[in-house]
Amino acid sequence: MTPEHMQIGEVATRTELSLRTIRHYEEAGLVVPSARSQGGFRLYTEADVARLMVIRRMKPLGFTLDQMRDLLEATALLDSGEPIEAGEREKLLERVRVYERAAADRVADLRVQLSRAEDFAAALRGRLQAAGEPSPAP
């Protein structure tokens, strides 16, 4: 194992994903270990960790595996350093823009849900206080 490679346990710790989840994303073709050790252990690089972090951020926003794959493909092509025709580059950038807009919309929806949940919790606290319950310690 080289210093730039990490085993799956370290990757799991760094990404806060379970080993099972990382293996699932590998089976789905979203992230593939960059190498294998002589003993057959999966070895990952910083680029692999970055891909997993994209996936981890997309998952709670409700993006599908296919959408994750599509975004990862587009960003990999943009980041490859390979020459890309202007028209193709613009198509890739538009794909990324679509995901950025979708993420922003989902964040806005989550803020509304959070606000409603906070209002609900406050209403319940008010009911308990009105019934003589002591306020919980902060």
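## Exercises on a predicted model

Strand β1 and strand β3 (residues 42-44) run antiparallel and are joined by two bridges; strands here are DSSP E runs of at least two residues and helices are H or I runs of at least four, numbered from the N terminus, and two strands pair if DSSP finds at least two bridges between them. The model is predicted, with local features needing pLDDT of at least 70 and side-chain atom pairs counting only at pLDDT 80 or more, while totals for chains, interfaces and linings use all residues. Residues are numbered from 1 along each chain as its sequence is written, and side-chain values use heavy atoms, with hydrogens and water left out.

**Exercise 1.** Determine the strand order of the open sheet and its edge strands.

*Solution.* Begin with the bridge partner of Gln7, which is Leu43 in β3. Finally, β1 (6-7) and β2 (35-36) are the edge strands, since each pairs on one side only.

**Exercise 2.** Decide whether Glu26 is buried or exposed, and list its contacts.

*Solution.* Then, leaving aside neighbours within four places in sequence, Glu26 is in contact (heavy atoms within 4.5 Å) with Val31, Pro33, Arg36, Arg42 and Tyr44.
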